[in-house]
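Trainee: Could you take me through this structure, please? I would like to learn how to read it.

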Amino acid sequence: MKHDGSANTSCTHSTTSSTEEVTDAESSWPQIDWSNISCIQSGATGCLLLVVLVIILITVPPVSGDHADTSSPISHETSISTSANSLSPVYSPNQQAISGEFTQSTYTGVAGDPIEITHGFDPDGDTYLLIGGNRISDTGQPVGFVDVIKLDGTSTTINTRLIGTDESTVESCGLERVSCDLEFRDTNGNVIADSLSNLSASSGATGAGGLVRPLVPQRYRLAITDGKFTVDDSGVVTPTAAADQADLVLKKPTLRNSVEVSTSIDPAIVNEDINTESLAELRENGLDRTTVTEGNHVILGFESTGIWGALSYFAADSDSVQAGEPINAQALSDLIAAEEGVSLQIQQTNPTGNEPRSELDLSQTDTNDVTLILADGDKLNTPDAPSQFYLVLNTGDDGPFTHNPEPGDTFAVEFALEGVEGDRYRFNTTNRSTLPAAFDPVRSDGERSEQFPYWGTSDDGMRAEASFTIRERFVRYNHVSDEGEILVEAENGRISGTTSLLPATETSATLVNDASDAPYRKESQLQISDDNFSVNFDTDGLAPGTRLNYNLYQGSIHRDSRTAVIVGDSNNPDRLVIENAPKNVTVTEGRNLSAIGATARNIGGLPGKGELTLTVNNGTVSGSWGVRLDPNKSQSFKFSSVTPDLDPGTYPFTLRLDGDTHGGTLTVEEDPATTTIDDDATDADGNETDVDGDGSEADPDGEGDGADEGDGSDEADEDEADDGDESDDGDDGTDSPGADSDGDAPADEGSDSVGMLPLPFGTREAFGGTVLVGAVHLLGHWV
């Protein structure tokens, strides 16, 4: 049959656009020009392309699969087996196109802590965020959790401790208060659920019916969807269409095993207000040390991850907690009491006898006694939450301890994330139709230990420990008198010592003297470092011995009041020195040492006493005076009571007083009135003693000798009187009663002053003569 060219018929193609979503695989095919192809050719070609397309859709992974994140510590699945029907729009011909995107391909956080997911989406119509529902590559099993969140705004903060529970902070479609338009179909296109709550009845493996425990460390898929999903037989949930996909990677929590200990001043004693909720101000008025002065604050710093989701919940700020901000300490108390496996113990380790043990009791705390401050961590990090908290405790009376801490008390600190090997935290999931309670763990028996939600069966917990000691509040001065008076050197005006007071700028001291013609008042700040302090005053014009009133203030609190004394040397405040002592002295043999004298002066600021001593010839002759002088007073002393038994010659002498010494030279000269007669002169007379004579020749000599002896005795008596006069002169300048005995003449002085002549008769005659003379003398007349 012949056809007319004018009657030639062309094949007409519909230009109506399909409403079904085109996948990336489909949109990548080259475009074909159908205008030059006949109907038969186009029909055959179309059938062929349809067959090829079906084959491709069966073998290519769906666009809603997971993005691999090679940087993640958790391996991702390389493929997800999904039916072609999971991407087919045949069951939803009116499905609307969606648009949206994530700002990151991977969001990494810590299980138990909040994390912010930033995104953008087309606000027209409901848009949802799928969390989870994916398969884990290393096990091949579904992740065991799926949640669908109704999006609103440019970011969604997920509290990973609360998601999937009845306390979830996001707009979860699993909550009764949130209205969602969801649809779940099986791989055959049959609708199996229209909500998360009844999805679990169809496939419990999805985890849609609620978590067994809080969201564990793992990788979870994120997808921006329109609320339409396909569920395969293994429980994997795949969005029918996804505007964008990303991964949420949660890491395992950890705890730093050390506790930071410092102390800060009691805010009640300073002049200016200290913001006890500012960690910077507390540190500015404190020190990093483990000894805490009684009444001051102890600051304990803990660093941990995995606790911030729960802590923010108990702080009534479920969205997040911010570093640098304080929260009510009751939140920590509630967390510890929530059987969450988080424990804190601060208790005394050294009670004695029947003394009760003191320990921290957060349940009965006052906001003025306990402050909880959050901070960014030094070693650990969680992206959208702090990882450190500081507990500020008042150690004064009526603080947060069961018994007031006393000086000497030592406290042990232990913060722990508890764990028992072979055990795991579990929610109470008895009622599978509702989400599990966030803080209602199941106990197999009443003795089961608390368990941190993120520990596995092989974990036995983590602990951080420290200690601190309470010590008394004191100021100890380096230089004081026996009466406790503070000694201030006139040259530098410095007072120093040790203290347990903290180096707050308000600590100051004053010196006041109201007795002078011009009143003296000075104030100066204490410089405190490493438990040592010093304060300096301008003491020009103040003489040693000046007494002042000293007062110490710490802020507005008066701490100490004493008398201060100006001294020349704080190490020797009652120092005595020697003045006006001779350098060279000459005396006559047998005479006393009145020529050696000295003036003693007190150059300190306190009454002083000491002993002025004289030694001659390295101690052969010695004497001393007791000295007692008031500040700036002096007195002269002489050693007239000391008579040296020295031959003519030159000898060194030394005066000593309170560490001060003075040396000189003593010259002893012969006495010009004394003739020394030796034994050789007697033999020169040529008169031998005749023991057989009648002694008539000896008597005149004997009488002459007796006269000479009598003259010698008179001379000795005269010398003793002179010595007595010198001793009296010395007594005029001394308070020492012992000096008189030192001034007595040596015992053999008299015998040296008497000349002994040989007698011309024997011993028996001499004895008889002595008796006779004595007898005549006793009768009072001569016979």
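Mentor: We shall discuss the salt bridges, the disulfide, the nonpolar cores and one aspartate.

Trainee: What should I know before we start?

Mentor: This is a predicted model, in which local features need pLDDT of at least 70, side-chain atom pairs count only at pLDDT 80 or more, and totals for chains, interfaces and linings use all residues. Residues are numbered from 1 along each chain as its sequence is written, and side-chain values use heavy atoms, leaving out hydrogens and water.

Trainee: How many salt bridges are found in the whole structure?

Mentor: The search finds 16 salt bridges. The term refers to a side-chain nitrogen of Lys or Arg within 4 Å of a carboxyl oxygen of Asp or Glu.

Trainee: Which residue does Lys252 pair with?

Mentor: Lys252 forms a salt bridge with Asp459, and their closest N and O atoms are 2.8 Å apart. This pair links distant parts of the chain, 207 residues apart: Lys252 is in the loop between strand S12 (242-251) and strand S13 (260-264), and Asp459 is in the loop between strand S21 (410-418) and strand S22 (461-471). Strands are DSSP runs of E with at least two residues, numbered from the N terminus.

Trainee: And is Asp459 buried or exposed?

Mentor: Asp459 counts as buried because its relative accessibility is 16%. Buried means under 20% relative accessible area, exposed means over 50%, and partly exposed lies in between (1.4 Å probe, protein chains only). Lys252, at 42%, counts as partly exposed.

Trainee: What does Glu418 meet in a salt bridge?

Mentor: The side chain of Glu418 meets that of Arg463, at 2.7 Å from N to O. Here strand S21 holds Glu418 and strand S22 holds Arg463, 45 residues apart. Glu418 is buried at 18%, whereas Arg463 is partly exposed at 37%.

Trainee: What about Arg185 and Glu183, buried or exposed?

Mentor: Both Arg185 and Glu183 are buried. Their side chains form a salt bridge of 3.1 Å, N to O.

Trainee: Changing topic: which residues form a disulfide?

Mentor: Cys173 and Cys180 do, with their sulfur atoms 2.1 Å apart. A disulfide is a pair of cysteine sulfur atoms within 2.5 Å, and the whole structure has 1. The link of Cys173 and Cys180 is left-handed, with -90 degrees about the S-S bond. Cys173 is buried at 9%, while Cys180 is partly exposed at 23%.

Trainee: How many residues are in the largest nonpolar core?

Mentor: The largest core has 70 residues, and those with the most contacts inside it are Leu300, Ile346, Leu391 and Phe468. A second, separate core of 26 residues includes Leu576, Phe639, Leu646 and Leu655. A nonpolar core is a set of buried Ala, Val, Leu, Ile, Met, Phe, Trp, Tyr and Cys residues joined through side-chain atoms within 4.5 Å. In soluble globular proteins, nonpolar side chains tend to be buried together.

Trainee: Finally, where is Asp560 found?

Mentor: Asp560 lies in strand S31 (residues 557-567). Asp560 is buried, with a relative accessible area of 16%.

Trainee: What does its side chain make a polar contact with?

Mentor: The side chain of Asp560 makes a polar contact with the side chain of Arg562, at 3.2 Å. A polar contact is a pair of N or O atoms within 3.5 Å; within protein, one must be able to donate a hydrogen and the other to accept it, and residues adjacent in sequence count only if both atoms are side-chain atoms.

Terms used
Helices (H or I, at least four residues) and strands (E, at least two) are DSSP runs, numbered from the N terminus.
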